[in-house]
There are 4 protein chains.
Amino acid sequence: MEIAVGLAAVAKGFYGRGWLWGTSGNLSAVVQREPLRLAMSPSGVDKGELTAPQVLEIDDHARIVGAHKGKPSDESLLHIRIVKERSAGAVLHTHSIWNTILSDRYAADGGVKIEGYEMLKGLQGVRTHEHTEWLPIIENSQDMPALAETIGKTLNEHKDAHGFLLRSHGLYSWGETLAQAKRHIEILEFLLEAKGRTGV
Amino acid sequence: MEIAVGLAAVAKGFYGRGWLWGTSGNLSAVVQREPLRLAMSPSGVDKGELTAPQVLEIDDHARIVGAHKGKPSDESLLHIRIVKERSAGAVLHTHSIWNTILSDRYAADGGVKIEGYEMLKGLQGVRTHEHTEWLPIIENSQDMPALAETIGKTLNEHKDAHGFLLRSHGLYSWGETLAQAKRHIEILEFLLEAKGRTGV
Amino acid sequence: MEIAVGLAAVAKGFYGRGWLWGTSGNLSAVVQREPLRLAMSPSGVDKGELTAPQVLEIDDHARIVGAHKGKPSDESLLHIRIVKERSAGAVLHTHSIWNTILSDRYAADGGVKIEGYEMLKGLQGVRTHEHTEWLPIIENSQDMPALAETIGKTLNEHKDAHGFLLRSHGLYSWGETLAQAKRHIEILEFLLEAKGRTGV
Amino acid sequence: MEIAVGLAAVAKGFYGRGWLWGTSGNLSAVVQREPLRLAMSPSGVDKGELTAPQVLEIDDHARIVGAHKGKPSDESLLHIRIVKERSAGAVLHTHSIWNTILSDRYAADGGVKIEGYEMLKGLQGVRTHEHTEWLPIIENSQDMPALAETIGKTLNEHKDAHGFLLRSHGLYSWGETLAQAKRHIEILEFLLEAKGRTGV
């Protein structure tokens, strides 16, 4: 329940910044590893009004555990895949203006290169601003199992990536804990906006 | 009364984002279909301080029902027309920076084409990002009955549109419920800003 | 006292939008006409934390009435002049990013022309979007009596203006009441940003 | 303790504007001059949730005074150096989008020149808008003792500077009191954004 409270608090904060408007975006956090149980924001809910009791618990096939009337997000399979590939404790997905714009602007390059910013040091394991973060851009799709596969491959090819963009869709990032995942989203959103506004 | 509370809450939120400044914009929701009774924000009120008791009830000629000292918005006729054309349960009208700018930038094209964004899936009935939303732009006017007619025609010509722009004026959207109308506004405002900032 | 509470509330709201940062800007409202008594925000106070008891009362020479330890804003003379020229009940002065930028961008033209926006209808006496608002730009100065004179002349030359800009400094607007002055500021700030972002 | 409460309040406000995202930035205030005791925000803490008890007390070698489990920010040495060079009572360091962008845009010039804005008058000792503020830009580094030396030299070369930028990193400013330091940050952030948006 504490996990659900945490997800609701992060949702409210991100919604306030315009990163989860129109019921977009979704948030998850690991409740238990074996077998996997994931606290997951429900589909179609106003993220500015998300409450802890609305948060679902799902298994590793994105099926609801227990008796809950909510519907898991279509993107639950993507969260599950990221949790497994990165041993993540939480996964956050935002739709911001700047991540949307850059996910298209740099699509032909296959990703966004971010380097030289002090802000990068907030990403787990990064010790200096002399770091190059490559944020892969994956073509958007409505075929979730296929998209989960593509994400799995991409994460394997880019072992150091702290997030990725779905084209004209949004940003995914994660962390060992919910706090770390939130930190990563804030840092990547900041850097995408900074890069976006310089027009490079 | 619950409807009025809901309208006041949406007004406060939208005002906070700068979409209803200077007493601009207006909000309505259907109280009863036959005969039509519409809860409607009053004219000339600061939307950041709108209270439920200030919300008016009007009939399908935009006349106040009951004893209320408020004045219905001049644009009540537009709300009534939209409610009828779309069988809408709520109609919201915002004045944001970006909807104002784009309503003029694309006026010569007669509308704004928005396509390829995942965010589009939040619009009722849209199942994929491979959707083209055409947001018609209607020339602004102070002749409300005539404008209501033009809006009626435009909605008939563009059966799939989830909203429209009045030139150098603002955005109208609607939904089966107030929550859906709010969601549509957030999505369209997001997409207009994203498009506006890419400069295409 | 109610007036001071109102000024503090407006200050808090405007500060939250970044229009009164760094103790910039000032706010006043008429307490009494004959002889003139003006409630005035004190100099050097954080507008996000302005409280009603901090609000000063000054006479028409900008001298404090009663025993108050605060210091009136240097720009009190400008407020007094505007109150007299326009029979205003309240005067508000904001330092926003966009009013600062446009006050310089259009300085060579002597003013900013704003026309065709529905939002203009929120300005007192304006009945249609087919209105041209001319916002005069006055060269900035630290000589307050001289600046008050220039403002007096400018207001006489532009009888219909609802506000003016001081170059690289900020916006002044006013109203019959505090609520109207607030509405005017919101409308002019909105229009300056809309115009500023279109780059015309 | 009152100082820690003040730092937490400023942190919360700045975080809300996106100046301290992702645990970035840090804040300090002098508790005692001889020997120096500095209240300092801890490393790795979410600035939107910083509480007074989390604030550390450090000496002039950036060692924690007393029994506290927190870790002082890596940049504590920079704060200490600024406190000594400027006899400052408080030092604030922000990571905003605009200070980040301008710290790189003007790096080849060695600084940002800001002149002619009324807003400059909010900087301590500045009496007119006809003032030129030179904000030095210092190359970023992870070698804190060396960076502290460079900062010391820069502050000596630019005796009148009210702040400086670390390239692709952020803004430092200070004041005799925490309130003055906050005012300086707000003013410099405002001016950097105004300059940044004019594109000069």
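Between chain B and chain C, 11 residue pairs are in polar contact, with both partners at pLDDT 80 or more. A polar contact here is a pair of N or O atoms within 3.5 Å; within protein, one must be able to donate a hydrogen and the other to accept it, and residues adjacent in sequence count only if both atoms are side-chain atoms. Keep in mind that this is a predicted model, where local features need pLDDT of at least 70, side-chain atom pairs count only at pLDDT 80 or more, and totals for chains, interfaces and linings use all residues. Residues are numbered from 1 along each chain as its sequence is written, chains are lettered from A in the order in which they are written, and side-chain values use heavy atoms, with hydrogens and water left out.

**The B–C interface**
- Chain B puts 21 residues into the contact and chain C puts in 19 residues, with contact meaning heavy atoms within 4.5 Å.
- Together the two chains bury about 1,700 Å², and 61% of that is on carbon and sulfur atoms; buried area is the accessible area (1.4 Å probe) that two parts lose on being put together, summed over both.
- B:Trp21, B:Ile97 and B:Gln142 supply 37% of the area that chain B buries against chain C, more than any other three residues.

**Charges and make-up**
- There are 2 salt bridges across the interface of chain B and chain C, each a side-chain nitrogen of Lys or Arg within 4 Å of a carboxyl oxygen of Asp or Glu.
- C:Lys121 and B:Asp74 form a salt bridge through their side chains, at 4.0 Å from N to O.
- On the side of chain B that touches chain C, helix 3 (residues 97–105) of chain B gives the most, with 4 residues; helices are DSSP runs (H or I, at least four residues), numbered from the N terminus.

**How the chains are arranged**
- Chain B superposes on chain C by a rotation of 90° with 0.0 Å of shift along its axis (RMSD 0.0 Å), fitted by least squares on the C-alpha atoms of residues with pLDDT of at least 70 in both.
- That is the relation of a four-fold axis.
- The copies use different surfaces, as 5% of the contact residues of chain B recur in chain C.
- Chain A and chain C do not touch, their nearest C-alpha atoms being 14 Å apart.
- Chain B and chain D do not touch either, with nearest C-alpha atoms 13 Å apart.

Note on methods:
Helices (H or I, at least four residues) and strands (E, at least two) are DSSP runs, numbered from the N terminus.
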